[in-house]
Amino acid sequence: GGRVFVDGRPATDAHGSDVGAGGTGKVDFPRMYQLVRQRGSLDSRLFEIEFEAPGGEAFCFTFG
């Protein structure tokens, strides 16, 4: 499992379909995950992923 942050806070209002409202999610197998979905006006944001256990890897990020 892990947590997703936007601007240093859990991604509550900006959580994607693979992340719960509290900003937590689980990576089960290799695939694309939607971690953040910014609603409303689009602004520059700081995006962070925190893995709870060793071994988490990220290979590709898409924006847009």
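The radius of gyration of the chain is 11 Å, which agrees with the value near 11 Å for a compact globule of 64 residues. This radius is taken over C-alpha atoms, and the globule rule is 2.2 Å times the number of residues to the power 0.38. Along its principal axes, the C-alpha trace spans about 35 × 20 × 20 Å. The model is predicted: local features need pLDDT of at least 70, side-chain atom pairs count only at pLDDT 80 or more, and totals for chains, interfaces and linings use all residues. Residues are numbered from 1 along each chain as its sequence is written, and side-chain values use heavy atoms, without hydrogens and water.

The chain holds 0 helices and 4 strands, in the order β-β-β-β. Helices (H or I, at least four residues) and strands (E, at least two) are DSSP runs, numbered from the N terminus. Of the contacts (heavy atoms within 4.5 Å) with a separation of 6 or more, 42% join residues 24 or more positions apart.

Buried residues (under 20% relative accessible area) make up 14% of the 64 residues. The chain exposes about 5,100 Å², and carbon and sulfur atoms supply 53% of this area. Accessible areas come from the Shrake-Rupley method with a 1.4 Å probe; for residues, only the protein chains shown count as cover.

Val27, Ile49, Phe51, Phe61 and Phe63 form a nonpolar surface patch, with about 520 Å² of accessible area together. Patch residues have over 30% relative accessible area and no salt bridge, and nonpolar side chains are joined within 5 Å. A salt bridge places a side-chain nitrogen of Lys or Arg within 4 Å of a carboxyl oxygen of Asp or Glu. Val27 lies in the loop between strand E3 (24-25) and strand E4 (47-51). Val27 is exposed (over 50%), at a relative accessible area of 54%.

Key:
Patches are made of residues with over 30% relative accessible area and no salt bridge: like charges are joined within 9 Å, nonpolar side chains (Val, Leu, Ile, Met, Phe, Trp, Tyr) within 5 Å. Buried means under 20% relative accessible area, exposed over 50%, partly exposed in between (1.4 Å probe, protein chains only).
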